[in-house]
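Subject: Structure for your review

Hello,

Here is the structure I said I would pass on. My notes on it follow below.

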Amino acid sequence: MTWLVGLLRFGLFGDAVPADLPNDEGEWRSLFELSRRQAVTALLYDAIVLLPKEMRPPRSVLFHFATLTQTIEDDNRRREEALLSFASLCDGRLFIMPIVVKGSSLASRYPVPLHRECGDNDLLSGIETERIATMMEQMGVPVDHKDPRHITFDYKDTTFECHRYLLYHNDDPHWHRDKDFGDTCLDTLRIEEEAFFLAKHCEHHAVFFHNPVRLRTLVDWSLLLGSKDFDLAAFDRIKRYSDVRVFADLMTLYCNELFGLHLRDGLEYLKDEGLKAADFDRLYMQCPQRHPNALVRVARRSWKYLRFDRYYRAIYGKSMFSRFYLSNLKVAIGNLFRRRI
């Protein structure tokens, strides 16, 4: 991870050429595989081509970096073309314009937007979601309605998720549209609201799905908060009474240390709460691969909750047993009640 972070600091954030880099082909191949797992391969390639020639990986490994980077670019072009086509469809037939969230919106903050790895197209369509579903079904496109948060369908070889609401407990704030997305008619969320959604999204996946936060998300976070138009005071107002208030600040502290940044002041209170940057890594990035046995998963999770109880209480003001299991029980009862209705 040290090599990977060093190259990201160099390529993205203007740090010095890393003094420590892989020494042989095997180490470079391992770094390539790590970059794939962390979804930052194209970003790493951008840094590698800036290195002096004698510091670059062997040609066979560089070929893997270049080939995957080209694939990422091609996938992103196809996805963005599908997004623009779908937006034109919504505008022309329904006279609505969903809001772009995550993928393309975050990519626009990157030095090379096509090098931010994306999956599907996420859109906030709110009360217009059912109209979109009807339109797609009338076009012969199958639409998945199973998730209460969003509908899912494939359009022009690209998966779309149109969200009725963004947050997992249907407790969305009032979202606001921001300026047109690039040279298109598309809109995004205000940048501070995009950051709030990103914090809620990655925290939920790390805690409730036990998925580790990846470096791609930390780069997203650093580029958002480091943007010239980011209003820290407005962001603080949005998250002030939310359950990610401390989580978001701890992630900022970790990004500061990891990438050598200074994204904001006023984080000294975390030390008073007994929290430091390394705590973000062990709480949210060190998650074992999902075990097929439910009892093993419960045992692992329970041990982690007990082991780091003091830190979780500092972040959430309660134990993770009450926060996670009680929340899941409420969701399960709610789903059972809805099915019976």
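**Strand S1 and Val100**

Val100 sits in strand S1, which covers residues 99–101. The model is a predicted one, and every value in this message was computed from it. Val100 has a relative accessible area of 2%, so it is buried. Beyond its neighbours within four places in sequence, Val100 is in contact with Leu83, Ser105, Asp122, Leu123, Leu186, Asp187, Thr188, Leu189 and Glu194. From Val100 to Arg177 the sequence separation is 77 residues, while their C-alpha atoms are 9.5 Å apart in space.

**The loop between S4 and S5**

Leu166 is found in the loop between S4 and S5, and Asn170 lies in the loop between strand S4 (158–163) and strand S5 (177–180).

Are they buried or exposed? Leu166 has a relative accessible area of 1% and is therefore buried. Asn170, with 52%, is exposed, because the cut-off for that class is over 50%.

Leu166 touches Val101, Leu124, Arg149, Asp172, Trp175, Leu189 and Phe197, with residues up to four places away in sequence not counted. Leu189 is also on the contact list of Val100. Leu166 and Asp154 are twelve residues apart along the chain, and their C-alpha atoms are separated by 20 Å.

**Two positive phi values**

Most residues other than glycine have a negative phi. Asn170 is not a glycine, yet its phi is positive, at about 55°. His210 also has a positive phi, near 60°, and is a residue other than glycine. His210 is in the loop between helix H7 (191–208) and H8. Its relative accessibility is 15%, so His210 counts as buried.

**Helix H8**

Helix H8 runs over residues 215–225 and is mostly covered, with eleven of its eleven residues buried. Among them are the charged residues Arg216 and Asp220, along with Trp221 and Ser222. Leu215, Leu218, Leu223, Leu224 and Leu225 are also included.

Val40 lies in the loop between H2 and helix H3 (41–48). It is buried, given a relative accessible area of 1%. What does Val40 contact, leaving aside its neighbours within four places in sequence? The residues are Leu4, Leu8, Ser35, Glu117, Leu215 and Arg216. Leu215 and Arg216 are among the buried residues of H8. Val40 and Leu263 are 223 residues apart in sequence, with 21 Å between their C-alpha atoms.

Arg36 has its place in helix H2, residues 25–37. Its relative accessible area is 44%, so Arg36 is partly exposed. Apart from its neighbours within four places in sequence, Arg36 is in contact with Thr41 and Leu68. Arg36 and Phe65 are 29 residues apart in sequence, and the distance between their C-alpha atoms is 9.7 Å.

**Glu73 and His115**

Glu73 lies in helix H4, which spans residues 59–94. Its relative accessibility is 15%; the cut-off for buried is under 20%, so Glu73 counts as buried. Which side chain does the side chain of Glu73 meet in a polar contact? It is that of His115, at 2.5 Å. Leaving aside neighbours within four places in sequence, Glu73 is in contact with Leu114 and His115.

**The protein as a whole**

The secondary structure comes to 15 helices and six strands. The protein has 341 residues and a radius of gyration of 21 Å; a compact globule with that number of residues would have a value near 20 Å, so the two agree. Taken along the principal axes, the C-alpha atoms fill a box of roughly 65 × 45 × 45 Å.

Of the 341 residues, 49% count as buried. The protein exposes about 17,200 Å², and carbon and sulfur atoms supply 52% of that area. Among contacts between residues at least 6 apart in sequence, 65% join residues at least 24 apart. There are 48 positive and 49 negative charges, and their mean positions are 6 Å apart.

Regards

Note on methods
Residues numbered from 1 in each chain as written. Predicted model: local features only at pLDDT ≥ 70, side-chain atom pairs only at ≥ 80, totals over all residues. Heavy atoms only, no water. Helix = DSSP H or I, 4+ residues; strand = E, 2+ residues; numbered from the N terminus. Rg over C-alpha atoms; globule rule 2.2 N^0.38 Å. Buried < 20%, exposed > 50% of the residue type's maximum accessible area, 1.4 Å probe, protein only. Contact = heavy atoms within 4.5 Å. Areas by Shrake-Rupley, 256 points an atom, 1.4 Å probe, with all protein chains shown as cover. Charge placed at Lys NZ, Arg CZ, Asp CG, Glu CD. Polar contact = N/O pair within 3.5 Å; in protein donor to acceptor, adjacent residues only side chain to side chain.
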